[in-house]
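Open the model in your viewer and keep the selection tool at hand. This tour goes from one selection to the next and says what is found at each.

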Amino acid sequence: MLDATEGYTTADGRKIGGVVMDMRNITLRFGGVEAIKDISFDIREGEIRAIIGPNGAGKSSMLNVISGFYVPQEGEVWFRGEKRPQMKPYQVAQQGIARTFQNIALFEGMSVLDNVMTGRLTQMKAPLWAQAIWKGKAEREEVENREICEKVIDFLEIQSIRKTPVARLPYGLKKRVELARALASEPKLLLLDEPMAGMNVEEKEDMSRFILDVNDEFGTTIALIEHDMGVVMDLSDRVVVMDYGKKIGDGTPDEVRANQDVIDAYLGVSHD
Amino acid sequence: MPDTLIFGMEVFLNGLMAGVLYALVALGFVLIYKASGIFNYAQGVMALFAALTLVGIMEGQVPFSHLINAIFGTEVHHFGWHVPALLAILFTMVVMVVLAWAVQRLIFRHLVNQEPIILFMATIGLAYFMEGFGDIMWGADIKKLDVGLPQGINLAIDEATFGLFGYGFFIDNLDLWATGIAVLLVIVLVAFSQYTKQGRAMRAVADDHQAALSVGISLNFIWIMVWSVAGFVALVAGIMWGTKSGVQFSLSLIALKALPVLMLGGFTSIPGAIVGGLIIGVGEKLFEFCFGSGQCFGGIINLGGATENWFAYVLALVFLVFRPQGLFGEKIIERV
C-alpha cells in the first residue's frame, strides 16, 4: 500500500507524486439501483489513471461523481488534501477539474478557437466595461489567454481548423477539440470519458499519443475511462477495474491483467 | 420629382422609425431565446411593467396604494416627491434585476430540462401574473411618461426637405431619438456578447448546457444575467413606447407585433431582430401608403386602409413558407 504523500516511480521512469484526488467509500444510487457500491481509490499527481470495466459497470457514473455532475449518497471526495463539500459541476470545474464527455459536448455554433477560449473563462478577471471596449487589463488578459490556447491548439495539431465552426468537423476532430478546451484551462486533474470511443484504429493511436504527450509535456494528471482493454493497458500507470458497480481490481496494468476476478468479468465465467 | 415619390420617401423614413421600436421589443425576445431556448411571451408585459414602474417612481406614487387603502382604510396615494428621470431609470433597472432573479429563482429553476412548450407556457403564466401585479402595484389608469426626450416635429429636417423638394417631411424628434438609442443599444449588446467574458459564457450556455458547466460556467448566474439584460431592453422599449403613446396596458400587445419581426429576422440573431423590425416597419407603412390608400400606380389597388393591422403577419407567413429560419437565423440542418 502506497503512502498518501509519497510518490512512486513508473516502469518507464516517470516520477509520480502524492494523492491529488481521493475517493473514499463512494456509494451512488439511482432509486433502488446501486450504480456504485462502496468504492475507494485515489489518483496521484502526474499519473495516468484508468477506470475500466464492461458496459454498465458504473465507470461513467464514477467520472460524473468526480466532476460533480452526480452527488453520491455516501462517501467522501478529497481533492488536494481537503474534503470537498457538496458542489455544483461548475464549481468543481473552477477548482481545476476539467473533463470531456463520452458524447462530445462542444459549442457547435462557435469556432474551434472560441471553443478552446471558453476553457479560459474562469481565469478572466478584468472588469466588464474594460472587456467590452478591449482596453487595459482586459486586453492583456485576452492576449495571455489567447497565447495559452494557441499553444494547446498547436500541441494538438488543430491549427488548420482554428476558425472552423465546430459543427462542420468530423467526429475524430471534435474529440480533439474537446480535449483542447479541457486542456486550455490548465487543469489540475483532467477527466476523459471514453476518449477513444467510436474511433478507428488510426484515430485511436493518434488520441493515445496525444494523451501520453499531454501528460509528458504539461505534467497533467489524467483519469480516463475506457472499455478497450488493449489501449488502456498501454496507456495507464494504474488501473481501477469496476464490474456491476463494485471495484474488482486496482493496480498496475500487469497486476490487473493477472487478477482472476478481472479475467472472469471480461471473459465471462461459467457458474457451475 | 413626382409627388408620390416624395410622399413615399417620407413614409419610408417614418416606417424606418416605427421599425426601430418593433426591433427594440424583438431584441428582448432574441436575447432570452438565444441564451435559454425560452420563447418569452412576457417580454411585452415586461416592457409595460418597466414603464409603469418608471412612471410610478418618478411621480412618487405609493406602490400597492389601492390595496393598502382598501385594507387599512387609509388614503395614501403619493409620497409627495418627484424623482429625476435618470435616477428613476436607475431604480427601475434595479427592480428589473430583482424581477430577473425572482423569475429564475421561482420559476425556471424548477423547470430545468423541461420541454420548450412547457417553458413557453410558464412565460404565458408569467405574462398574466405580471400584468395583474403591475395593475395592483401601480393602478390601471393610463399614465403620461416624460423622461425629457424631445417630442414633436423636427424642424431642421422639415426645412431641409422643404428646400429640396418644396415639401417638408414630418419626422418626429422622439423617433429620431429612439433610433439613436436603439443603435447605441445594439452596439453595446454586440460588444457585450462578442468581447466580454460574460458574453462568451452566455453564448456558451446558449449552445450547450453540459459543456458550459464543464468549463466552470454557472447556468443560474448566466440566466439571471440574461433576464436582467432583457429587462433592460424592455425598459428602453417601455420608455420609447410609453413616451409615444402613454403608459397603458395595451402596451403589452406590442409583443405580438414582435412575432412577425422575429419570423423575418430569425429567433437567434440580434442583427436579424433589427433588420426584421425595419423591414416590417417600412413594409407596413409603404404597403398602407401604396395599396391601403391607393396612392401608387394610379390607385389600381385600393384596399381601403387598415392594412397595417395584418400586413406584418402575412409577410411573416410568406417567410415561414420560403425561409423558415428567417433571414439571419441559424440554418436548420438535420443530419441523417
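What follows is a set of stops in a predicted model.

**Stop 1: the domains of chain A.** Select residues 8-96 together with 187-267 of chain A for domain 1, then 112-180 for domain 2. The centres of these two domains, taken over C-alpha atoms, are 27 Å apart. Where they touch, domain 1 of chain A contributes nine residues and domain 2 of chain A contributes seven. On the domain 1 side, helix H2 (89-94) and helix H7 (201-218) of chain A each supply at least two residues. H7(A) gives the most to that side, with four residues. By class, the domain 1 side that touches domain 2 of chain A divides into five nonpolar, two polar and two charged residues.

**Stop 2: Glu108(A).** Now select Glu108 of chain A, which is in the loop between strand S8 (97-99) and helix H3 (112-118) of chain A.

**Stop 3: where the chains meet.** Show both chains and select the contact, which takes 25 residues from chain A and 21 residues from chain B. On chain B, look for helix H7 (173-195), helix H8 (197-207) and helix H9 (209-214), each of which supplies at least two residues of the side that touches chain A. Which helix gives the most to this side of chain B? The answer is H8(B), with seven residues. By class, the side of chain B that touches chain A has nine nonpolar, six polar and six charged residues.

**Stop 4: helix H6 of chain B.** Select residues 155-165 of chain B, which make up helix H6. Of its 11 residues the number buried is zero, so H6(B) lies largely in the open. Just after H6(B), select Gly166(B), which takes a positive phi of about 75°.

**Stop 5: Ser250(B).** Ser250(B) is in the loop between helix H10 (219-245) and H11 of chain B. Ser250(B) has 12 other C-beta atoms within 10 Å, and therefore counts as exposed. For a distance to check in the viewer, take the C-alpha atoms of Ser250(B) and Tyr128(B): they are 122 residues apart along the chain and separated by 13 Å.

**Stop 6: helices H11 and H12 of chain B.** Finish by selecting residues 254-265 of chain B for helix H11 and 270-292 for helix H12. How do H11 and H12 of chain B pack? Their axes are 8 Å apart, at an angle of about 120°. That angle makes H11(B) oblique to H12(B). The crossing of the two helices, H11(B) and H12(B), is right-handed. To see the contact itself, select Pro260(B), Val261(B), Leu262(B), Leu264(B) and Gly265(B) in H11(B). The residues they meet in H12(B) include Gly272(B), Ala273(B), Val275(B) and Ile280(B). By class, the contact of H11(B) with H12(B) has eight nonpolar and four polar residues, and no charged ones.

Definitions and conventions:
Residues numbered from 1 in each chain as written. Chains lettered and ligands numbered in written order. Predicted model: local features only at pLDDT ≥ 70, side-chain atom pairs only at ≥ 80, totals over all residues. Axes fitted to C-alpha atoms, helices over the stretch in contact; angles between N-to-C directions. Parallel < 35°, antiparallel > 145°, perpendicular 65-115°, else oblique. Left-handed = near helix turned anticlockwise from the far one by under 90°. Contact = placed C-beta atoms within 7 Å. Nonpolar A, V, L, I, M, F, W, Y, C, P; charged D, E, K, R; others polar. Domains from an automatic or database assignment. Buried ≥ 20, exposed ≤ 12 C-beta atoms within 10 Å, placed from the backbone.
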